[in-house]
Amino acid sequence: MEYDYEYFKKEILKLTQIDLNAYKERQMKRRIDTLIAKRKIVGYDKYVEALKTDSVIFDEFINYITINVSEFYRNPEQWTYMDETVFPELISRFGKNLKIWSAACSTGDEPYSLVMALSKHISLNQIKIYATDLDKTVIAKAKVGLYDAKSIAAVPDEFKKKYFTQVGPSYKIADEIKERVEFHQHNLLKDQYPENYDFIVCRNVLIYFTDEAKDEVFRKYYTSLKKGGVLFIGSTEQIINYKEIGYTRKNSFFYEKP
């Protein structure tokens, strides 16, 4: 029997619950083939056996495909304000079927954090986050949902225990959280913006944009929000001309469309 990459993906799914189908196949296969060759192992079947029996090789493999650039609950004090003030106001205003957009979501830490934070107020089956990013590669990583310990350091202990499973040195987020997020590719500077959102989150991305581009994006977010909707931005950002656009400021990082 020839043990091909399809066999390998199925075995990895059984062994780790990590679905390699979420990654671009050509790139991932090339990287894994390099990793196997480095260990001087011949064949996917022999490598699978090594993963099952050698913890060093297993941890090396997991680290190789783990997301290392994300961070859940970034700036926890802002998430506390959102939990205690913003969410209750939005639920009071719009009901429990909130329409939420996590823009420039990167590797999924933010939309998944939103699902967990919202779960204190709304049952999971009522939560749906629309998450977008320009980069297909980070969206693929987000769909896998594998993170290192540093990435999830700020996650409240109750959620760490409930929604993360350790896989080698890394942590995989539960499917019940992943199922509440819908990922799409979107270019903030070129594509049409979705409409009628209750809450938009876009943090620590626009710092890389020109002032003109920032202004354009903040104005488009304003149009995308319902009246009474809220925009949550990053701790490194500010909307200097928020009054001119039409926002009122709830605090330094939350802006409302009155």
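Modeller: First, a term: buried means under 20% relative accessible area, exposed over 50%, and partly exposed in between (1.4 Å probe, protein chains only). This is a predicted model: local features need pLDDT of at least 70, side-chain atom pairs count only at pLDDT 80 or more, and totals for chains, interfaces and linings use all residues. Residues are numbered from 1 along each chain as its sequence is written, and side-chain values use heavy atoms, without hydrogens and water.

Colleague: Fine. How many salt bridges?

Modeller: The count is 21, taking a side-chain nitrogen of Lys or Arg within 4 Å of a carboxyl oxygen of Asp or Glu.

Colleague: Which residue does Asp175 pair with?

Modeller: Lys172, with the closest N and O atoms 3.8 Å apart. Asp175 is partly exposed at 45% relative accessible area. Lys172 is buried at 8%.

Colleague: And what about Arg93?

Modeller: Arg93 meets Glu256 in a salt bridge, 3.7 Å from N to O. Arg93 sits in helix α5 (residues 76-94) and Glu256 in strand β10 (residues 254-256), so the pair ties together parts 163 residues apart in sequence. Those are DSSP runs, numbered from the N terminus: helices are H or I, at least four residues, and strands are E, at least two.

Colleague: Is Glu256 buried or exposed?

Modeller: Buried, at 15%. Glu256 and Arg93 also belong to a salt-bridge network with Glu89 and Lys250.

Colleague: Switching topic. How many residues are in the largest nonpolar core?

Modeller: The largest has 63. A core here is a set of buried Ala, Val, Leu, Ile, Met, Phe, Trp, Tyr and Cys residues joined through side-chain atoms within 4.5 Å. Tyr221 is among those with the most contacts inside it.
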